[in-house]
Amino acid sequence: MKADELDLTKIYKISTLTNQDDPQERIVTIPTAAMGMLRHELIETLGIERTKGFLLRHGWHCGVKDAQKALEMDWDSKKELLFVGPRMHTLHGYLEEVDVLVAEVDFSNGTMHHEAIWKNSYEAEEHLQRFGLAHEPVCHTLVGYASGYLSTILGKKVITKEVKCKAMGHEYCHAVCRTVEEWDGEIDGELKYYKADNIIGELDETFKKLKIERDNLSKAYEVHRKLMEEVLKENDLSSIAYALHQITKIPVLIEDVNFNLIAFAGFPEQNASFASDNFKKWIHQKSKYLRDLKTLKQTLFLESSSKQKRLITPIYLDRKIVGYCSFLYEEKAPQEVDKLIIQHGALACSLYLLNERTRFNTEQRIKGKFLDDILSKQISFEEMTKRAYYIGFQLNDPYFMIAIDTLLQKPSVEEEMGFNDDLINDISIFIKNQGLNALFGQKSGKVIILLSECLLLKNKMNKENFCKSLIDYCSNKYPQYLFKVGISSNTSSIEEASQLYEECLSALRVANRHQKIIFFDSLGIEGIIFQMKNINPIQKFIYKKLGKLIEEDKNRNMEFTKTLYYYLSNGSNVHKTARAMNFSISGLRYRLQKINEILQIDINSPSVGYQMFLSLRFLIYWGELNIDLDLHLDKEEIVGD
């Protein structure tokens with residue numbers, strides 16, 4: 001049987017029932033343009049998803065109603081009902097023509113396979129006119145009608161799927177109809193559209209969500225206000241951590257970029273340290289997470305153990321991560337508002353650190369300018385006293401000066417200046433922790449420090465131990481650099497600071513990778529020579545005297561040159577030198593004879609020996625001769641002294 005073989009009288013009766021048949025039933029005709037405008041308004045108001053559900057359910061109810069009317073009539077066979085639906089589509093004006101491709105139904109077993117081509121669907125044409133090409137089928141009313149009609153005549157839920165649609169650019173629309181079971185899960189995603197929305201329930205749910213958002217915003221605003229108060233009061237990071245915990249009741253950790261604990265709130269210090277240390281160990285084992293944290297922009301939720309979960313966000317300063325702010329959880333997961341609050345906390349930490357850096361840099365610039373003025377002798381002692389008082393520098397003699405440099409060159413002037421700024425900042429923290437104060441500055445690419453030895457002695461330190469602690473601190477802080485230090489002698493007058501500056505630079509010139517700390521007092525007359533601006537004549541003199549020996553000795557690991565230095569250091573005494581070197585006397589005599597032959601001079605002559613000794617000392621200072629200046633004398637001589 002085909003659709004055009006149906007009894008048209010019955011079809012017409014279904015589509016034109018009047019009040020005579022059912023006093024409560026009325027038929028309303030609506031132009032397709034009006035329906036198209038309705039679809040447009042629905043999409044604009046409710047969105048595509050809700051409009052789809054609304055039109056599917058509208059079509060479903062229309063199809064159900066027509067199917068109920070059709071079932072009340074007498075048909076030659078129940079299969080005729082399968083062709084009534086397509087004819088009703090055209091009579092209602094939904095389509096211009098329907099070609100049924102497959103019409104298979106088993107009413108007793110409740111199975112169906114029905115396919116049809118829909119030509120000139122009004123929904124497709126209206127959509128094209130108002131919205132243009134669609135990305136998915138749009139004939140929702142037609143699909144809903146077919147699903148409702150077929151489900152009613154079969155007595156089992158049938159779902160229609162549009163596999164082609166004219167609105168998508170196809171030549172016609174193609175619909176496939178099967179029971180839910182026969183679709184075998186293929187249309188499960190469509191079933192939700194056939195469920196009636198509970199508008200009141202949705203409004204209640206929306207209201208609840210809006211209330212939660214309002215409470216979250218109110219809470220976030222309160223956190224922001226409280227944190228800004230702490231920043232404006234210039235309170236420290238501990239106050240910021242406390243403010244965060246006070247409002248959220250969540251434990252808070254603030255750590256530096258290496259995950260060292262700085263501030264905490266919400267639990268005892270021992271627990272905070274334990275949590276921080278455990279996380280540090282865990283994160284260094286997880287290279288992926290460690291890389292993520294080094295470039296973290298917003299927040300990250302991490303579970304380092306079953307008992308420690310943390311929401312972590314970076315603290316930025318000068319576009320670099322300088323630390324982290326974290327919320328700790330034991331059981332519950334973070335809420336969305338927690339992410340907003342912790343970001344406010346990180347921002348407050350950034351503002352605090354920026355204020356501290358600005359204040360510190362200003363203070364250091366003032367101190368640096370003061371030191372420059374002292375070295376250039378541009379201010380009187382009275383002016384020095386006033387300015388020292390205002391910046392908190394105690395004028396307690398004796399004074400000494402330290403110059404610090406690296407053995408490795410920085411790639412550029414800008415990087416050198418930036419590195420020195422960071423180094424000064426860290427050294428100032430070290431000195432402040434030692435209970436000292438000092439003046440810092442930069443000259444000729446070196447960091448210079450003016451201190452009072454009197455304050456060292458009050459803190460039970462001497463100059464040597466302090467300088468060693470300082471170089472160890474710098475090396476640990478910047479392991480990629482090799483530092484060297486020159487230390488001046490003492491002076492009782494700060495007005496002689498320029499002389500101290502020359503002395504520490506002289507000592508710095510002598511320092512090398514073998515002897516990183518040099519005291520000017522240990523240099524003797526060599527220190528005076530090193531204060532000369534031009535030492536080229538000295539270098540020429542040394543290589544003129546020792547050049548042949550150095551050239552001859554390069555393949556011997558400088559053994560003859562070292563032997564000459566040990567010999568001259570021990571007063572040209574063969575026995576003392578042999579003991580100091582742990583060497584045989586005959587072997588030593590042989591070496592001394594070879595040295596005389598190479599240099600063609602008498603090294604035992606006092607004037608020659610002194611010149612050789614001084615020259616060798618310079619080679620040691622320049623790092624060209626690897627000898628520890630403190631370990632070259634005969635042990636018996638040291639004991640005797």
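Modeller: Helix α17 is largely enclosed by the rest of the structure, because eleven of its 14 residues are buried (under 20% relative accessible area, with exposed over 50% and partly exposed in between, for a 1.4 Å probe and protein chains only). Those buried residues are A497, S498, L500, Y501, E503, C504, L505, S506, A507, L508 and V510. The helix covers residues 497–510 and reaches 20 Å from its first C-alpha to its last, close to the 20 Å expected at 1.5 Å a residue (1.5 Å times one less than the number of residues). Helices (H or I, at least four residues) and strands (E, at least two) are DSSP runs, numbered from the N terminus.

This is a predicted model, in which local features need pLDDT of at least 70 and side-chain atom pairs count only at pLDDT 80 or more, while totals for chains, interfaces and linings use all residues. Residues are numbered from 1 along each chain as its sequence is written, and side-chain values use heavy atoms, with hydrogens and water left out.

Next, the sheet. Five strands form an open sheet with mixed pairing, in the order β11-β12-β10-β13-β14; two strands pair if DSSP finds at least two bridges between them. At the edges, β11 (439–443) and β14 (517–519) each pair on one side only. Strands β11 and β12 (residues 446–452) run antiparallel and are joined by five bridges, and Q442 stands opposite V447 in β12. Helix α16 (residues 463–477) packs on this sheet, touching β10 (399–406), β12, β13 (483–487) and β14, where contact means heavy atoms within 4.5 Å. The direction of α16 makes about 155° with that of β13 (axes are lines fitted to C-alpha atoms, for helices over the stretch in contact, and angles run from 0 to 180 degrees between N-to-C directions).

D184 is in the loop between α7 (180–183) and α8 (199–232) and counts as exposed, at 68% relative accessibility. M558 lies between α19 (536–553) and α20 (559–569) and is buried, with a relative accessible area of 15%.

As for confidence, the mean pLDDT (the predictor's confidence in each residue, from 0 to 100) of the protein chain is 81, and 87% of its residues reach 70 or more. Over residues 630–641 the pLDDT is below 50, and this stretch has 17 contacts in the model beyond near neighbours in sequence. Where pLDDT is low, the predicted coordinates should not be read in detail.
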